[in-house]
Amino acid sequence: MASLQNFLLQYRNGITEGELKRQNNEKYVPAYQRMLQAEVSARLVGSLEARKWLAKTVPPREAAAALLRDRYFGYNRAENWSDEMKKALEKYKTAAEAFMNHVDAEVL
């Protein structure tokens, strides 16, 4: 997400639409799909407590993905988009780290 965020910011500075689409299709989409597959795996094999911690990562992930999607399709042209995106990514990172810390403690 952070890579596509940086790329979307650069897009305003002369990167072609074709290069933007290539970056999205070759980098972001496959990475996002792997992340979702990892979530499904964690839901399937995790304990009830681990699934509760995982569920806390979903809203910030979806918020960050929505900001990226809206910017990519041109729906969000706000000047403060970068600040919003940084906050959304930080919330997701915090939630993901909390989940991983809990799962590490559970596995160990």
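How many residues apart in helix H2 are glutamate 39 and arginine 43? In this predicted model, the answer is four, so about one helical turn separates glutamate 39 and arginine 43. The two side chains pair up in a salt bridge, with the closest N and O atoms 3.4 Å apart. As for solvent, the partners sit on either side of a cut-off: glutamate 39 has a relative accessible area of 5% and counts as buried, because buried means under 20%. Arginine 43, at 39%, is partly exposed.

That pair is one part of the picture, as the structure holds five salt bridges. Helix H2 spans residues 17–45, and another of its pairs is glutamate 19 with arginine 22. Here the closest N and O atoms of the salt bridge come to 2.5 Å. Glutamate 19 and arginine 22 are three residues apart in the helix, which again means a separation of about one helical turn. Both ends are partly exposed: glutamate 19 has 27% relative accessibility, and arginine 22 has a relative accessible area of 33%.

Put together, Glu19, Arg22 and Glu26 make up a linked network of salt bridges.

Definitions and conventions: Residues numbered from 1 in each chain as written. Predicted model: local features only at pLDDT ≥ 70, side-chain atom pairs only at ≥ 80, totals over all residues. Heavy atoms only, no water. Salt bridge = Lys/Arg side-chain N within 4 Å of Asp/Glu carboxyl O. Helix = DSSP H or I, 4+ residues; strand = E, 2+ residues; numbered from the N terminus. Buried < 20%, exposed > 50% of the residue type's maximum accessible area, 1.4 Å probe, protein only.
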